[in-house]
Amino acid sequence: MAIQGRNGKIKGKINNIVYRRLGGQQIMQIAPARVKQTYATKLNALEFGVASAHGKVMRTMFQRVYEVADGKMNGRFNAAIAACLRTSAKEIGERTLHDADLDGLKGFEFNLDAPIGSRILVRPTWGVAPDGLFHFRIPPFNLANDIVYPPGDITMDPSFTIGLIAVHFEQEKVQVIAHETFSFENINRRVEVEWECRKQLPEGYIVMVVFSLRYSSVNWMDKQIYTTDPAFYPTILLDAFHVGPEMAARGKAAGFEPPEEEPVPFGFGLDRILGKVKSFKEKMAKKGK
């Protein structure tokens with residue numbers, strides 16, 4: 001319903017015409033007609049809800065890893081997860097990331113305002129052995145010349161963090177496998193980073209490998225102060241892989257140590273979310289779509 005204000009301007013809707021103000025002027029817009037969603041559209045929308053729920057869990061997992069994200073990160077992440085779900089051979093409503101190809105998550109940047117490749121000028125390498133041994137390396141680089149630092153008068157020092165986090169969406173558990181931080185001084189010196197994770201990987205879980213670069217300095221009270229520039233908080237999801245029975249068994253046989261932390265339960269409600277999809281499909285099947 002439209003109303004006329006004291007200034008004579010009309011605000012509201014008359015039939016399919018919407019009256020509103022923009023920049024001190026009155027404008028008219030044609031309201032869009034109601035769009036009838038198809039069965040496939042509704043089904044895909046429900047699965048995007050499954051992807052969003054996966055994303056919420058993983059963002060909670062990574063909260064202590066990425067302190068800053070770009071404004072569209074949530075949407076980008078959910079879209080990447082949805083793309084992974086579509087690689088599953090199972091039907092919509094039956095599939096989770098445990099059934100999917102995870103390649104779509106590899107290389108995901110949490111902060112596009114700080115892409116990792118534009119902050120360190122050498123490329124890290126990594127690999128996963130059949131027994132789950134994870135190897136990570138940053139080849140030799142110069143601390144002063146091969147890292148891009150935040151602008152300003154304060155000299156910042158770099159630190160790199162690499163970590164493995166395992167998640168089981170169906171069991172609703174998350175577990176930190178291992179993590180390590182390598183800190184350096186901002187000086188003209190060549191260094192390299194080598195790290196191996198010899199931890200047992202839990203069978204049936206998905207392991208996420210996260211890598212970040214942070215900048216900090218120490219003030220006159222010996223307190224570590226991090227940069228406030230959001231363009232210098234790069235974090236990337238380097239890898240994601242499934243832990244099958246063979247990999248888990250080989251890790252135990254190799255005598256790898258237990259993970260750094262015990263599994264922690266989380267409230268996800270995957271069964272409830274997938275149940276909504278199943279109910280919708282059953283309802284539409286009775287109607288003959």
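This is a guided tour of the model, stop by stop, with something to select at each one.

**Before you start**

You are looking at a predicted model, in which local features need pLDDT of at least 70 and side-chain atom pairs count only at pLDDT 80 or more, while totals for chains, interfaces and linings use all residues. Residues are numbered from 1 along each chain as its sequence is written, and side-chain values use heavy atoms, with hydrogens and water left out.

**Stop 1: the whole chain**

Show the protein chain as a cartoon: its secondary structure comes to four helices and 14 strands. Helices (H or I, at least four residues) and strands (E, at least two) are DSSP runs, numbered from the N terminus. Of the 289 residues, 43% are buried. Buried here means under 20% relative accessible area, exposed means over 50%, and partly exposed lies in between (1.4 Å probe, protein chains only).

**Stop 2: helix α4**

Select residues 270–287, the 18 residues of α4. From first C-alpha to last the helix reaches 26 Å, close to the 26 Å expected at 1.5 Å a residue; the expected span is 1.5 Å times one less than the number of residues. Now colour L270, I273, L274, V277, F280, K281 and M284, which are buried. Looking down the axis, you will find the buried residues of α4 within an arc of 110°, so they line one face of the helix. That arc is taken from the directions from the helix axis to the C-beta atoms.

**Stop 3**

Next, select residues 206–218, strand β11, in which 12 of 13 residues are buried. Two strands pair if DSSP finds at least two bridges between them.

- β8 (residues 157–168) runs antiparallel to β11, joined by 11 bridges; T161 has S212 as its bridge partner.
- β13 (residues 235–242) pairs with β11 in the antiparallel sense over seven bridges, with I206 opposite H242.
- β12 (residues 224–226) is also antiparallel to β11, through three bridges, and the hairpin of the two has five residues between the strands, with D222 at a positive phi near 60°.

Zoom in on S217, which stands opposite I225 in β12. Is S217 buried or exposed? At 11% relative accessibility, it counts as buried. Leaving aside neighbours within four places in sequence, S217 contacts I154, T155, M156, K223, Q224 and I225.

**Stop 3: the nonpolar cores**

Finally, show side chains for F62, L97, L105 and M208, which have the most contacts inside the largest nonpolar core, a set of 42 residues. Such a core consists of buried Ala, Val, Leu, Ile, Met, Phe, Trp, Tyr and Cys residues joined through side-chain atoms within 4.5 Å. Its largest share, eight residues, comes from α1. Centre on L97, whose contacts beyond four places in sequence include M58, I81, F169, I206 and H242. A second, separate core of 37 residues includes F211, L213, F232 and F241.

Note on methods:
Contact means heavy atoms within 4.5 Å.
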